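Let's walk through this one together, starting at the ligand and moving out to the helices. Have the sequence and the 3D view open as you read.

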Amino acid sequence: MPEALVTGATAGIGAAFARRLASDGFGVVLVARDAARLEELARSLRADHGVPVEVLVADLAADAGIARVEQRVATVDLVVNNAGFGQQGEFLETEVSAEVAMLRVHCEAVLRITKAALPGMLTRRRGGVINVASVAAFFSRGTYSASKSWVVVFSDSVREQVRSSGVHVMALCPGWVRTEFHERSGMDTSGIPDSLWLDRETLVAAAIRDFRRGTAVSVPDVRYKTAAALGKLLPRPLMTRIAARAGSKH
Ligand SMILES: NC(=O)c1ccc[n+]([C@@H]2O[C@H](COP(=O)([O-])OP(=O)(O)OC[C@H]3O[C@@H](n4cnc5c(N)ncnc54)[C@H](OP(=O)(O)O)[C@@H]3O)[C@@H](O)[C@H]2O)c1
């Protein structure tokens with residue numbers, strides 16, 4: 001039975017990935033900090049899909065937490081590096097510890113878990129890694145978009161190294177998705193029209209379809225594909241000013 005490991009599985013996009021992969025017949029390893037919520041999800045996945053589900057409690061902003069996942073991931077077929085969080089406030093207002101924690105979860109954990117997972121996948125000549133970035137990767141706004149931009153570039157370069165090996169590495173760039181993300185980071189989303197919100201299950205279905213097709217950077221939904229293309233095409237100073245103005249509203 002193939003095995004998947006999903007970080008940030010207690011809520012939102014990660015929980016949707018875990019549910020979908022369990023229903024596809026994967027044994028699942030669920031990673032996050034909240035042990036009670038992970039156990040609850042594990043029970044529900046076992047009951048609904050009859051697959052083995054393991055709970056791995058780890059804080060991915062801490063060296064020991066990342067190390068625990070590195071040790072587990074060698075035999076896993078599909079890794080979804082999804083754990084993440086947003087932040088309210090301008091760079092000059094935030095605590096430096098929060099900025100560094102974001103880099104650890106969004107970048108260091110993604111790097112170390114990917115590095116630990118790939119040798120086994122390459123030996124088996126199958127499987128891969130989905131790294132959850134964001135459409136924010138194509139705009140310059142704070143450490144969040146800088147870290148998600150890193151995820152896209154990192155995934156691109158690793159994918160090139162494993163080309164023709166049967167292993168695939170994909171960056172997933174969601175637009176707005178209804179999860180706990182915005183409330184946890186204290187963002188005001190009241191100005192975002194209902195029509196712009198993506199459904200988690202639809203997002204995950206599109207991501208898995210793109211992964212199977214060998215897509216390099218998956219941007220589900222045509223509106224967000226357009227936004228990402230604009231972010232890449234606009235002159236950088238103009239793109240940065242637009243991102244600053246749009247971001248300050250939330
Ligand atoms: N929602 C959106 O609009 C949106 C858009 C673009 C990209 N994304 C990206 O999608 C990913 C998932 O976000 P979401 O929207 O599903 O948010 P969410 O509902 O807030 O879920 C975030 C998950 O990350 C886990 N997590 C956070 N910090 C962690 C840490 N230090 N160690 C381990 N796990 C940690 C949380 O679990 P615990 O609290 O239990 O640890 C939770 O399971 C993130 O990378 C985010 O940047 C989201």
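How many residues of the shell around the ligand are nonpolar, how many polar and how many charged? The shell has 16 nonpolar, nine polar and six charged residues, where Ala, Val, Leu, Ile, Met, Phe, Trp, Tyr, Cys and Pro count as nonpolar, Asp, Glu, Lys and Arg as charged, and the others, Gly among them, as polar.

A quick word on what you're looking at: this is a predicted model, in which local features need pLDDT of at least 70 and side-chain atom pairs count only at pLDDT 80 or more, while totals for chains, interfaces and linings use all residues. Residues are numbered from 1 along each chain as its sequence is written, and side-chain values use heavy atoms, with hydrogens and water left out.

Back to the ligand. There are 31 residues around it, and Thr10, Arg33, Tyr144, Thr179 and Arg184 come nearest; to be near, a residue needs a heavy atom within 4 Å. Zoom in on Tyr144, where an N or O atom of the side chain sits 2.6 Å from an oxygen atom of the ligand. Lys148 also has a polar side-chain atom 2.9 Å from a ligand oxygen. With Gly175 it's the backbone: an N or O atom there lies 3.5 Å from an oxygen of the ligand. On its own the ligand has 880 Å² of accessible area, and the protein covers 97% of that (Shrake-Rupley method, 1.4 Å probe).

Now for the helices, which are DSSP runs of H or I with at least four residues, numbered from the N terminus. Helix 1 (12-23), helix 5 (142-161) and helix 6 (181-184) each supply at least two residues of the shell. The largest share, three residues, comes from helix 6.

Next, look at how the helices pack. Axes here are lines fitted to C-alpha atoms over the stretch in contact, and angles run from 0 to 180 degrees between N-to-C directions. Helix 1 packs against helix 2 (residues 35-49) at about 25 degrees, with the axes 10 Å apart. That makes helix 1 roughly parallel to helix 2, a label for angles under 35 degrees.

Turn to helix 7 (residues 200-213), whose axis comes within 9 Å of that of helix 1, crossing at roughly 60 degrees.

Terms used:
A polar contact is a pair of N or O atoms within 3.5 Å; within protein, one must be able to donate a hydrogen and the other to accept it, and residues adjacent in sequence count only if both atoms are side-chain atoms. Angles under 35 degrees count as roughly parallel, over 145 as roughly antiparallel, 65 to 115 as roughly perpendicular and the rest as oblique.
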